[in-house]
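Work through these exercises with the model open. Try each task before reading its solution.

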Amino acid sequence: IGSIFLAVTTINCKLRVDETVKKIAKLLEIMAKLGCEDGIDDELWKPAAAHELKAWAPAGKDHNGCRTTWIRGGGKVSKEEERNHCHACIMQVSCVCVCWM
């Protein structure tokens, strides 16, 4: 686990280290099943996975001026793209969380 992702996850868990450990362990278990055995490093941007960001559609700004996105439904992720889709999800979540900090 990279230090950036670890910090963001710990903050999202309200600095509860025990909760952070449980959530990251579960995430790593799921990621391994999806072909991402290497986990999450500090290079959060994965160019090979960028095309999978198509699942998030820009939806304007909220009342605080923050950009918002909608998740487009109905799409299927092929077995070959599971790894890239997993990385795209982490890129999206990390982007949103870091922007809030």
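**Exercise 1.** Find what joins the side chains of Glu52 and Lys54, and decide whether each residue is buried, partly exposed or exposed.

*Solution.* 
- Step 1. This is a predicted model, so every value here is computed from predicted coordinates.
- Step 2. Look at the N to O distance: it is 3.4 Å for Glu52 and Lys54.
- Step 3. The cut-off for a salt bridge is 4 Å. The two side chains therefore meet in a salt bridge.
- Step 4. Glu52 has a relative accessible area of 7%. Buried means under 20%, so Glu52 is buried.
- Step 5. Lys54 has a relative accessible area of 52%. Exposed means over 50%, so Lys54 is exposed.

**Exercise 2.** How far apart are the closest N and O atoms of Glu29 and Lys26, and how many residues separate the pair in helix 2?

*Solution.* 
- Step 1. The closest N and O atoms are 3.7 Å apart, and the pair forms a salt bridge.
- Step 2. Glu29 and Lys26 are three residues apart in helix 2, so about one helical turn separates them.
- Step 3. Glu29 has 40% relative accessibility and counts as partly exposed. Lys26, at 45%, also counts as partly exposed.
- Step 4. For context, a search of the whole structure finds eight salt bridges.

**Exercise 3.** Which residues line the second largest pocket, and how do they divide by class?

*Solution.* 
- Step 1. Start with the space: the second largest pocket holds about 180 Å³.
- Step 2. List the lining: Glu52, Lys54, Ala55, Ile71, Arg72, Gly73, Gly75, Lys76, Val77 and His85.
- Step 3. Sort by class. The lining has three nonpolar, three polar and four charged residues. Gly counts as polar in this scheme.
- Step 4. Return to the pair from Exercise 1. Glu52 and Lys54 are among the lining residues, and their side chains meet in a salt bridge.

Methods
Residues numbered from 1 in each chain as written. Predicted model: local features only at pLDDT ≥ 70, side-chain atom pairs only at ≥ 80, totals over all residues. Heavy atoms only, no water. 1 Å grid on protein atoms, 1.4 Å probe; cavity = no way out; pocket = protein on both sides within 12 Å on 5 of 7 lines; lining within 4 Å. Points joined across faces, edges and corners; volume = space filled by probe spheres on them. Helix = DSSP H or I, 4+ residues; strand = E, 2+ residues; numbered from the N terminus. Buried < 20%, exposed > 50% of the residue type's maximum accessible area, 1.4 Å probe, protein only.
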